[in-house]
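Thank you all for coming; I would like to walk you slowly through one structure this morning. Please have a look at it first, and then we will go through a few places together.

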Amino acid sequence: MTSLRTFEDFREGEVIDLGEKLVTREEIVAFAEEFDPQPFHLDEKAGKASMLGGLAASGWHTNAMLMRQLCDNLLLHATCMGSPGVDSVRWLKPVRPGDRLKMSAEVKETRTLKSRPDMGVVRFLMTVANQKGEPVLLQENAILFGRREKAE
Amino acid sequence: METSAPVERVELGSFTFTADDIVRFARAYDPQRFHLSNEEAAKTHFGRLCASGWHTAAVWMKLMIAHRKREAARARAEGSTLPRLGPSPGFENLKWIKPVYAGDTITYFSTVVERRESRSKPGWAILSTLNEGVNQHGEKVFSFEGRVFVEHRSEPAAAL
């Protein structure tokens with residue numbers, strides 16, 4: 001059984017590859033219909049008439065896709081104990097049907113918690129870039145990881 | 001200079017997070033075990049099934065758009081229109097303050113705290129908003145500071 005990555009296994013400056021996600025029109029529209037039914041997330045013609053210049057994914061959808069990649073490539077193999085929140089997200093460019101999004105997480109800081117000896121905080125800068133190498137989303141946030149002595 | 005409307009916290013609506021909805025979202029976007037079943041969540045500090053924080057956030061957006069649609073219909077009935085909303089450039093200080101458990105009902109709010117003209121997009125302004133979610137016990141569970149483009153209008157209009 002492979003062991004889980006714990007708080008001690010993160011190094012400042014490390015860049016973790018979160019893999020690649022192909023974005024489909026069906027998924028863009030399905031997410032938007034349920035959570036963000038604005039015309040520019042549902043329909044090409046409405047998208048073209050908008051600031052987005054064409055059908056584009058909801059920013060919240062791009063964050064959700066990043067979360068899935070983060071789970072599959074890091075969190076499900078680590079002692080993740082959740083997150084207090086997200087410091088900032090910038091939605092830089094539209095995400096289009098057919099985009100192949102490459103995602104990564106750079107470890108900016110690791111910090112122990114005096115009040116909680118069983119966990120530490122890892123702060124990340126996460127980048128989502130499209131197939132042209134253009135960053136489409138930047139996210140800064142902290143995630144809590146269990147420490148090795150307490151790892152199950 | 002536009003006179004600003006008094007700062008008003010607008011209630012967007014309420015949403016009950018069912019176990020089925022929580023698991024469906026989590027399976028697609030956040031398959032950590034505490035978002036997938038009570039049995040698995042019981043082994044963690046969460047204790048029981050709770051929603052992905054991104055699900056909590058997505059439902060804020062869902063209720064915001066539903067609120068806008070109701071307000072747009074009301075404006076049409078009164079013979080006027082709301083200014084068009086554009087996309088958002090992002091957000092800050094999103095906090096997942098308390099877990100949202102299966103069965104919880106969250107009431108969401110939005111407050112416009114600032115409006116300024118966009119330098120990069122003539123004809124558009126940027127609204128800065130404070131957005132919140134409160135559970136059925138009156139506890140704040142979620143908040144974030146949002147920004148959204150809104151079409152500039154010469155006459156003052158309701159921002160939300």
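Before I start, one term: when I say that residues pack against or touch one another, I mean that they have heavy atoms within 4.5 Å. Please also keep in mind that what you see is a predicted model.

Let me begin with chain A, where helix α1, residues 25–35, has several buried residues, namely Glu27(A), Ile28(A), Val29(A), Phe31(A), Ala32(A) and Phe35(A). What do the buried residues of α1(A) pack against? Within chain A they meet β1 (15–22) and α3 (59–73), and from chain B they meet α1 (19–29) and α3.

Turning to the strands of chain B, β1, residues 9–16, pairs with β3, residues 105–117, in the antiparallel sense over 7 bridges, and in that pairing Phe15(B) stands opposite Ile106(B) of β3(B). On to the next pairing, β3(B) also runs antiparallel to β4, residues 124–134, with 10 bridges between them, where Glu117(B) has Ala125(B) in β4(B) as its bridge partner. The hairpin of these two strands has 6 residues between them, and there Gly123(B) takes a positive phi near 90°.

Finally, I would like to stop at Gly47(B), which sits in the loop between α2 (38–41) and α3 (53–77) of chain B. Leaving aside residues up to four places away in sequence, Gly47(B) touches Asn38(B), Ala41(B) and Ala42(B), whereas the C-alpha atom of Met64(B), 17 residues apart along the chain, is separated from that of Gly47(B) by 30 Å.

Key
Residues are numbered from 1 along each chain as its sequence is written. Chains are lettered from A and ligands numbered from 1 in the order in which they are written. This is a predicted model: local features need pLDDT of at least 70, side-chain atom pairs count only at pLDDT 80 or more; totals for chains, interfaces and linings use all residues. Side-chain values use heavy atoms; hydrogens and water are left out. Helices (H or I, at least four residues) and strands (E, at least two) are DSSP runs, numbered from the N terminus. Buried means under 20% relative accessible area, exposed over 50%, partly exposed in between (1.4 Å probe, protein chains only). Two strands pair if DSSP finds at least two bridges between them.
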